[in-house]
Amino acid sequence: MARRPYIVGNWKMHGTRAMLSEARAIDRAAQRHMKVEVALAPPFTLIHPIHREAEQISVGAQDCHHADGGAHTGDISAAMVADAGAKFVILGHSERRTGHGESDALVRAKAAAALAAGLRIIMCCGESGETRESGRAVAFIKKQLKASLPAPADAPADLAERITVAYEPIWAIGTGTAATTADIGEMHGVIRQLLVELYGEEQGREVRIIYGGSVKPDNAAEIFAVPEVSGALVGGASLTADSFMGIALAAGEPSDH
Ligand code: PGA
């Protein structure tokens, strides 16, 4: 059975309580688009307030620490975000890999902590413009993803439910220019093949692969029509209910799925 498209808003470091009205509007609109699974990853400070009010959308975090607890000033554990109401966590986003020096090994440790805390994970991968121009994008993504995802022996039994992969080419994030449908199709095919190699035919085929990088209401339909695209991770365009739900609407079009 085909899974529902998964549309996730990544608010990044945007949003104070003044944004709760936007989250409410997104939640209300999501109740009218039940064919699509809509989720929001606000800053940590808004996870609980949004979770408390939301009736339809699920709420997640944008990161978590790899340890269960301890002397880590300023950090937040997977159990803490789960306690605040998060159902999932975005891991390995390029802004954390570059801005906070997160290695593949650290991202993998965070994935283990998140899964142990009962969270679903959205594992991000993405190559830089330089890597793409040098023709090494496919090799880079395979290596990054293989080292960041749980090793097959450590993967949960229900991994297709618990793990989503997000392909987010760094050069397309926040630039206004998404990757071409040809580039997206190629890379999602490569990722699918890797997932099957890692986790086997049955589970590897079921893991959702979503695209991120300048997804907007006006390019969403063509992106969702690409084979192996199961949804989107949306940054800038998730900050208003209008643009975010424009994307969700495109994902729910029967002709696209
Ligand atoms: P963008 O960000 O939609 O603003 O390009 C996507 C992301 O970084 O998740």
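A salt bridge is a side-chain nitrogen of Lys or Arg within 4 Å of a carboxyl oxygen of Asp or Glu. With that in mind, welcome to this structure, which is a predicted model.

**Salt bridges**

A search of the whole structure finds 15 salt bridges. Three of them are set out here.

| Pair | Closest N to O distance |
|---|---|
| Glu-201 and Arg-205 | 2.4 Å |

Let us begin with Glu-201 and Arg-205. Both sit in helix α10 (residues 201-206), 4 residues apart, about one turn of the helix. Glu-201 counts as partly exposed at 48% relative accessibility, and Arg-205 is partly exposed too, at 43%. Elsewhere, salt bridges with shared partners join Asp-63, Arg-96, Glu-102 and Lys-110 into one network.

Glu-95 is partly exposed, with 37% relative accessibility.

Because Arg-192 lies in helix α9 (residues 181-199) and Glu-228 in the loop between α11 and β8 (231-234), the pair ties together parts that are 36 residues apart in sequence. Arg-192 is buried at 6% relative accessibility, whereas Glu-228 is partly exposed at 30%.

**Around the ligand**

The ligand is surrounded by 13 residues, and the closest are Lys-12, His-93, Glu-168, Gly-174 and Ser-214. An N or O atom in the side chain of Lys-12 is 2.7 Å from an oxygen atom of the ligand, and the side chain of His-93 likewise has an N or O atom 2.7 Å from a ligand oxygen. Gly-174 contributes a backbone N or O atom, 2.6 Å from an oxygen atom of the ligand. Taken alone, the ligand exposes 280 Å², and the protein buries 95% of that. The shell has 4 nonpolar, 7 polar and 2 charged residues.

Ser-214 leads us on to Asn-219, which touches Ala-178 and Ser-214, leaving out residues up to four places away in sequence. Asn-219 is in helix α11 (residues 217-224) and is buried, with 9% relative accessibility. A polar atom of the Asn-219 side chain lies 2.7 Å from the backbone nitrogen of Lys-216.

Ser-58, in strand β3 (residues 58-61), has a relative accessible area of 17%, so Ser-58 is buried. Beyond its neighbours within four places in sequence, Ser-58 contacts Val-38, Ala-39, Leu-40, Lys-87 and Phe-88.

How values were computed. Residues are numbered from 1 along each chain as its sequence is written. This is a predicted model: local features need pLDDT of at least 70, side-chain atom pairs count only at pLDDT 80 or more; totals for chains, interfaces and linings use all residues. Side-chain values use heavy atoms; hydrogens and water are left out. Helices (H or I, at least four residues) and strands (E, at least two) are DSSP runs, numbered from the N terminus. Buried means under 20% relative accessible area, exposed over 50%, partly exposed in between (1.4 Å probe, protein chains only). Contact means heavy atoms within 4.5 Å. A residue is near a molecule or strand if one of its heavy atoms lies within 4 Å of it. A polar contact is a pair of N or O atoms within 3.5 Å; within protein, one must be able to donate a hydrogen and the other to accept it, and residues adjacent in sequence count only if both atoms are side-chain atoms. Accessible areas come from the Shrake-Rupley method with a 1.4 Å probe; for residues, only the protein chains shown count as cover. Ala, Val, Leu, Ile, Met, Phe, Trp, Tyr, Cys and Pro count as nonpolar, Asp, Glu, Lys and Arg as charged, and the others, Gly among them, as polar.
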